[in-house]
Amino acid sequence: MNAHAISAIIRKDLKVVSQNKGVMLPIIILPLILFVILPWVVTLMPFLGDVFGITVDDLNKVQDLINRMGAGVQQELAGYDQYQVFVVYFLVYVMAPFFMIIPLMVSSVIAADSFAGEKERKTMEALLYTPTTDRELFIAKLLSGWLAALAVALVGFVLYAIMANAAGWSQIGRIFFPNTMWLVLISWVVPALPGLGLGVMVLVSSRAQGFQDANQIGSVVVLPVVFLAIGQVSGAMSLSVPLVFLLGLVIWLLDGLLIWLGSRSFKRGRMLGA
Amino acid sequence: MTAVIKINQLTRCFKETTAVDQLSLEVFAGEIFGFLGHNGAGKTTTVRLLNGVIEPTSGSMRVLGFDPQVDGPALRARTGVLTETPSMDERLTAWDNLSIYADLYRVPRVEVHKRINELLDEFDLADRAKERVGGYSKGMKQRLALARALLHKPELLFLDEATSGLDPIAAHHVNDLIVRLARREGHTVFLCTHNLVEAQKLCDRVAVLEHGRLVALGTPAELTRQYVRRLDVQIEINEEQIEGTLHILRSLPRLVISEPVRTNGALTVTLSGHEAIPDLLEILVHKSIRVYRIAAKETNLEQVYFALHDEKESVQ
């Protein structure tokens, strides 16, 4: 395995992506909204009831929702008043599935650009004539998406931790984020998530006509996380440490399966549509 | 002569289409080998096969002693390919493009800087090296792509339409470079082109491909001798023997395919190919005609190409 060649391809892919506004804008804007703006909006919501149309009744409904959740969640939220519960519930529990969208989205957008986009720009052919093996190409293409997604997720996490605690400080009065569930999420689930986006993209990219095409097909990978978010908001399920751990395990297994399938079908000739 | 490329019955099919059809040929070390054919004739597919980028449907090949399917990476470390489209990352600068590919081609780190500067100077791109390639003209991109193909000093260079899109001066420069690489530095050049004038000027031997099949192979001179069916010839003879010669020429419809024309003490006729020259000369000498000079008008690969095309049309 030629690590030098792998790092050169990663360097190339990331440089090219960083120059592409169409790819970079969603990677910057979505985390900015979720991790910087949203914490402040959530903490201000109970106090701007007229603006957001929130009544005391709504706050009670949140409490009802929490009463249906697991003992761990209830225990964590015990001792908080009505407003504090609202803030902690949204910033810690509701936001968790939304956070998971970020590494998925970043990895699939970068993979779409790296696989299908490169084919569309006709830059792939020159790469295929280099002395790299199919395996080195495959690993390099996977790693460029994976590393970028992890970097964005980790920077986003640190940013979100600062913003959530800063925004909630006036009501909570102490550092409440991250809790254990988030630590499991960030250390176990988030590193696995880019694999889903990348695995799907590897499978679809040889058939896709270009970046937009691949990106649209690949975006279906976000759907399970959207369902997770709906489940969390509606109270149909509640994220807890064991559930998050189990979720991570399932995603790692899916990663393994998708990457195994992708590596089997990844032949340099197929990248030319041959 | 050592064969650096040996192809035997190579075939590549894409679903219903046969892109390369039982191709067999050899390319020798140090030669400039022209690979001619119209668009879609199978030239690019052959280059991809020879570099182990795609797999053959059947047949075998050895390139620089390697089987491209088994030793693709080792082979590609010793070949350089200029693809039909420049295939540069347009969002990156020329320098970035070259430095990334220098790493991919395993150019030693200590040499990268020097090598890139040499090539940028060679191709007259040094002053715009830090600009994004997206702002380059088509000719500049092509020159940069050629520089990239030469980064690792390959033994065997595949050039797919090397001068396409270049202005005459840049094309001349590239052609000079191709000759220099082959003649002085000992590289073998596999030149895919449909520019017949260029092929005639540069190539030691050429192969003509039509719908994936090899239809002709040889030196440009051999091919013109073999395939050109209309050859204008001027014959200088004794002035007093002109009438008699005209009579002889008119009696040889197999060799002489046009009415002889008398011009400035000579006769101009169209013969049925190069092989008709010795036959005609033999007859004239036999008939005691004193021939002072017989000069054939220069023929070229373009005539070969059209002759092959016409031959195929008539078969169909």
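Figure 1. Of the 316 residues in chain B, 42% are buried. The model shown here and in the legends below is predicted. Chain B holds 11 helices and 13 strands. Along the principal axes, its C-alpha atoms fill a box of roughly 75 × 45 × 35 Å. Take the contacts in chain B between residues at least 6 apart in sequence: 70% of them join residues at least 24 apart.

**Figure 2. An open sheet of three strands in chain B.** The strands follow the order 2-1-4, and their pairing is antiparallel. Strand 2 (17–28) and strand 4 (58–63) of chain B are the edge strands. Each of these pairs on one side only. On average, neighbouring strands of the sheet are turned by 15° against each other, direction ignored.

**Figure 3. Strand 1 against strand 2 in chain B.** Strand 1 of chain B covers residues 3–14. Eight bridges join strand 1 to strand 2 of chain B, and the two run antiparallel. One bridge pair can be picked out by name: B:Ile5 has B:Val27, in strand 2 of chain B, as its partner.

**Figure 4. Helix 1 of chain B packed on the sheet.** Helix 1 of chain B spans residues 43–50. Helix 1 touches strand 1, strand 2 and strand 4 of chain B. The direction of helix 1 makes about 65° with that of strand 2 of chain B.

**Figure 5. The contact between chain A and chain B.** Here 24 residues of chain B are in contact with 22 residues of chain A. On the chain B side, helix 2 (72–76) and helix 3 (94–104) each supply at least two residues. Helix 3 of chain B gives the largest share, five residues. By type, the chain B side divides into 12 nonpolar, four polar and eight charged residues.

**Figure 6. A:Ile172 and its surroundings in chain A.** A:Ile172 lies in helix 8 of chain A, which covers residues 134–172. Leaving out residues up to four places away in sequence, A:Ile172 touches A:Gln84, A:Val87 and A:Val88. Is A:Ile172 buried or partly exposed? A:Ile172 counts as partly exposed, because it has 19 C-beta neighbours inside 10 Å, and a buried residue needs 20 or more. A:Ser144 is 28 residues from A:Ile172 in sequence. In space, the two are 39 Å apart, C-alpha to C-alpha.

Conventions:
Residues numbered from 1 in each chain as written. Chains lettered and ligands numbered in written order. Predicted model: local features only at pLDDT ≥ 70, side-chain atom pairs only at ≥ 80, totals over all residues. Helix = DSSP H or I, 4+ residues; strand = E, 2+ residues; numbered from the N terminus. Buried ≥ 20, exposed ≤ 12 C-beta atoms within 10 Å, placed from the backbone. Contact = placed C-beta atoms within 7 Å. Nonpolar A, V, L, I, M, F, W, Y, C, P; charged D, E, K, R; others polar. Pairing = 2+ DSSP bridges. Axes fitted to C-alpha atoms, helices over the stretch in contact; angles between N-to-C directions.
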